[in-house]
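Colleague: Please take me through this model, chain by chain and then at the interface.

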Amino acid sequence: MKSDILKIANKKFKSRLIVGTGKYKNMKECAEAIKISGAEIVTVALRRVNISDKSKPLLMDYIDPKKIMYLPNTAGCFTSKDALRTLRLAREIGGWKLVKLEVLGDKKNLFPEMIETLKSTEVLTKEGFKVMVYCNDDPLMCKRLENSGAAAIMPLAAPIGSGLGIQNKTNIRILRKQTKVPLIIDAGIGQASDAVEAMEMGCDAVLINTAIAKAKDPFQMAESMKYAVLSGRKSFLSGRIMPNFQGSPTSPKEGLI
Amino acid sequence: MNKKNKIKIVVNGKILTVNLNFSLKNLIEKLKTPINKVAIELNEEIVDKKKLSKIFFKNKDKVEIVHFIGGG
């Protein structure tokens with residue numbers, strides 16, 4: 001069998017599951033779930049160091065950035081200015097150039113503010129960042145992002161943390177056809193079948209956080225998502241049979257008594 | 001210590017009173033910040049971590065020290 005490698009900005013990955021590191025009970029649980037998921041990329045957020053409580057554990061003590069690629073995000077940013085500031089700081093910590101841009105425009109639904117997102121993508125790309133962009137599923141905006149140098153297009157399946165699954169399958173299919181850079185479903189996955197569906201539609205990867213972190217058993221869900229992504233990908237690559245409304249017998253007629 | 005030799009700086013939103021000749025390196029040491037795991041901003045400009053000992057605070061300087069935490 002041919003090896004199936006995911007390439008993002010010339011970096012190669014075996015796993016097509018990207019996981020977030022937020023919302024876990026503690027860092028130990030987060031680290032364990034990531035290990036089980038087999039993910040090679042994890043998203044991380046940038047926040048102030050707690051200067052009054054120095055004993056607080058650091059993410060880097062639990063998840064080694066030398067072993068698992070950190071993908072710094074701009075979660076919580078509502079303007080291009082804030083997003084740029086955040087990612088420049090993230091790069092400063094350890095030279096990260098591959099980043100996840102996420103500029104929100106709506107506090108309730110957490111939908112992306114696409115005008116600010118597009119502006120930020122242009123600026124960051126010029127500064128040498130490889131920008132994976134959280135975006136809506138509008139094919140026109142996604143095309144503009146791609147033309148602006150986005151390293152990956154990451155449309156939402158449904159609002160962040162909603163677990164609703166892929167709401168607009170038609171748009172995701174259109175995006176699959178037109179997108180030349182990796183197409184990654186980011187946000188809205190709720191259960192394994194959602195991840196399978198995304199992969200069967202030909203998406204290059206999925207990004208999951210809440211569905212794993214907030215499951216009653218995050219470890220079991222992490223494993224489930226690992227296999228869902230593998231299963232959906234293999235199903236996509238295998239070339240499925242055409243759906244048919246008529247039955248077709250599986251046993252030969254020849255030799256029938 | 002004479003009050004004249006003291007200045008106020010804001011570190012991650014908290015006001016700290018420090019000596020006039022206090023450097024960014026002194027601050028990082030005081031806070032026991034693991035330097036290779038953070039990025040530092042002084043008045044919204046990113047600071048080169050190699051030059052910490054050469055940067056001395058002025059009154060009302062704003063410092064941000066950030067690191068990675070869990071996020072989606």
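The questions below go from the fold of one chain to its contacts with the other.

Modeller: This is a predicted model, in which local features need pLDDT of at least 70 and side-chain atom pairs pLDDT 80 or more, while totals for chains, interfaces and linings use all residues. Residues are numbered from 1 along each chain as its sequence is written, and chains are lettered from A and ligands numbered from 1 in the order written.

Colleague: How many helices and strands are in chain A?

Modeller: Helices (H or I, at least four residues) and strands (E, at least two) are DSSP runs, numbered from the N terminus. On that basis chain A has 9 helices and 10 strands.

Colleague: What share of chain A is buried?

Modeller: A residue is buried if 20 or more other C-beta atoms, placed from the backbone, lie within 10 Å of its own. Of the 257 residues in chain A, the buried share is 46%.

Colleague: Which element gives the largest share of the side of chain B that touches chain A?

Modeller: Contact means C-beta atoms, placed from the backbone, within 7 Å; 20 residues of chain B are in contact with 28 residues of chain A. Strands S3 (39–42) and S5 (62–70) of chain B each give two or more residues to that side. The largest share, 7 residues, comes from S5(B).

Colleague: Which strand of chain A is joined to S5(B) by bridges?

Modeller: Strands pair if DSSP finds at least two bridges between them. Here there are 5, and the strands run antiparallel. Arg47(A) stands opposite His67(B) in S5(B). The strand of chain A is S4 (residues 41–48).

Key: Buried ≥ 20, exposed ≤ 12 C-beta atoms within 10 Å, placed from the backbone. Contact = placed C-beta atoms within 7 Å.
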